[in-house]
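I opened my notebook to look up a few things in this structure. I will go topic by topic and keep it short.

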Amino acid sequence: MRVKRRLRLAVIPIGIASAIALAGCTPTELNGFLPGFTDDGTQATNHTEMVSGLWVNSWIVLLAVGVITWALMGWAAIAYRRRRGQRGLPVQLRYNMPVEIFYTVVPLILVLGFFAFTARDQAILETQYDNPDVCVTAIGKQWAWDFQYNDDTADCQAGDDAVWTMGVQAQTDAKGDITSELPTLVLPVNETVKLKLTSRDVIHSFWIIDFLYKKDMYIGKDNYWSFTPTRVGEYDGKCAELCGQYHSMMLFKVKVVEPAEYQEYLAGLRAAGQTGDINKAYDRLQNFPGTGASTEAEGEH
Ligand SMILES: [Cu+2]
């Protein structure tokens, strides 16, 4: 009883102290210094606060476990140190049922807890929109990106009214600074977005850093990523899967703009004649075995 009451008394000052400490925190600090949180407090997508919550709460639990473990280790090392006149080894085998049950049950609860919260958040992140406002096919290729804004958003398919941009890898000057314009994905703010992720050659990974999520791009199996961008701004993206010599140059930008500006952007691409389906264009693996491709090499006659 006395221990319980003491514990309860200890909780109150700890709670007050952490409330005071947290009240002075910026959004960046409250979100565990993860990228993408600005002082105005708006998250970058409808999912980023959930992801940072999982990160920060995991850290709090793990730090508490760490502090308790380090304290017990220090206490054991000091309280049970070898004293003057002691010889030989202490008894090597001893059972303490309460302690053994404690250190079996507590880690089990922790592992199950981490699993449950991760599974819950992942299920939300992996829920795909059936009828998104926007569906863009993002195509990874060594070492840049193509973006195709599909007109059939329900099925993520391109008809004649789809528009597109094709990027080239980042070019640098002698100092290593980027001199070229990076491939840019433009998205409307506060509209539901579904990305269809695919590749033209090897495995790439589509990573928008501030959106706190990335996903692999394969040939033969399309991946999807659904979210709602919630803050106007410019974001950095890159390939997160070592995909060859210029993998580090496989960069892109994401511009989240007002819906009207988004429509203007699409109209601009349409006016430039960049319409239609580019999904298969420049696909390096068009001559897959078994696809009926010509078996004769070019230039040998
Ligand atoms: Cu890549």
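**Entry 1: the disulfide**

I began with the sulfur atoms. C135 and C156 are joined by a disulfide, with 1.8 Å from S to S. I keep in mind that the model is a predicted one. Where do C135 and C156 sit in the chain? C135 is in strand β1, residues 134-141. C156 is in the loop between β2 (144-149) and β3 (163-166).

Next I looked up the handedness. I then searched the whole structure for disulfides, and the search gave 1.

Are the cysteines buried or exposed? Buried means under 20% relative accessible area. C135 has 1% relative accessibility, so it counts as buried. C156 also comes out at 1% and counts as buried. C239 is buried, with a relative accessible area of 5%. C243 is buried too, at 5% relative accessibility.

**Entry 2: helix α3**

I moved to helix α3, which covers residues 48-79 and holds V67. V67 has 49% relative accessibility, so I put it down as partly exposed. V67 also belongs to a nonpolar patch on the surface, together with W55, W59, L63, W70 and M73. Together these residues have about 690 Å² of accessible area.

S58 is found in helix α3 as well. S58 counts as buried because its relative accessibility is 17%, and the cut-off for buried is under 20%.

**Entry 3: K215**

I looked up one lysine by itself. K215 is in strand β7, residues 213-217. Its relative accessibility is 11%, so K215 counts as buried. What lies 2.5 Å from a polar atom of the K215 side chain? The backbone oxygen of Y224 does. I then listed contacts of K215, leaving aside neighbours within four places in sequence. Among them are E126, Q128, L197, H204 and W225.

**Entry 4: salt bridges**

Side chains of opposite charge can pair when their charged atoms come close. How many salt bridges does the structure hold? I found 7.

I took K253 and D236 to start. Their closest N and O atoms are 2.6 Å apart, and they form a salt bridge. K253 is in strand β10 (residues 251-257) and D236 is in strand β9 (residues 233-239), 17 residues apart. K253 is partly exposed, at 22%. D236 is partly exposed, at 43%.

I took K196 and D222 next. They form a salt bridge with closest N and O atoms 3.9 Å apart. K196 is in strand β5 (residues 193-199), and D222 is in the loop between β7 and β8 (223-227). K196 is buried, at 6% relative accessibility, whereas D222 is partly exposed, at 30%.

K175 and D177 form a salt bridge too, with 3.9 Å between the closest N and O atoms. K175 is exposed, at 71%. D177 is partly exposed, at 42%.

Salt bridges link K141, D146 and R200.

Key
Residues are numbered from 1 along each chain as its sequence is written. This is a predicted model: local features need pLDDT of at least 70, side-chain atom pairs count only at pLDDT 80 or more; totals for chains, interfaces and linings use all residues. Side-chain values use heavy atoms; hydrogens and water are left out. A disulfide is a pair of cysteine sulfur atoms within 2.5 Å. Helices (H or I, at least four residues) and strands (E, at least two) are DSSP runs, numbered from the N terminus. Buried means under 20% relative accessible area, exposed over 50%, partly exposed in between (1.4 Å probe, protein chains only). Patches are made of residues with over 30% relative accessible area and no salt bridge: like charges are joined within 9 Å, nonpolar side chains (Val, Leu, Ile, Met, Phe, Trp, Tyr) within 5 Å. Accessible areas come from the Shrake-Rupley method with a 1.4 Å probe; for residues, only the protein chains shown count as cover. A salt bridge is a side-chain nitrogen of Lys or Arg within 4 Å of a carboxyl oxygen of Asp or Glu. A polar contact is a pair of N or O atoms within 3.5 Å; within protein, one must be able to donate a hydrogen and the other to accept it, and residues adjacent in sequence count only if both atoms are side-chain atoms. Contact means heavy atoms within 4.5 Å.
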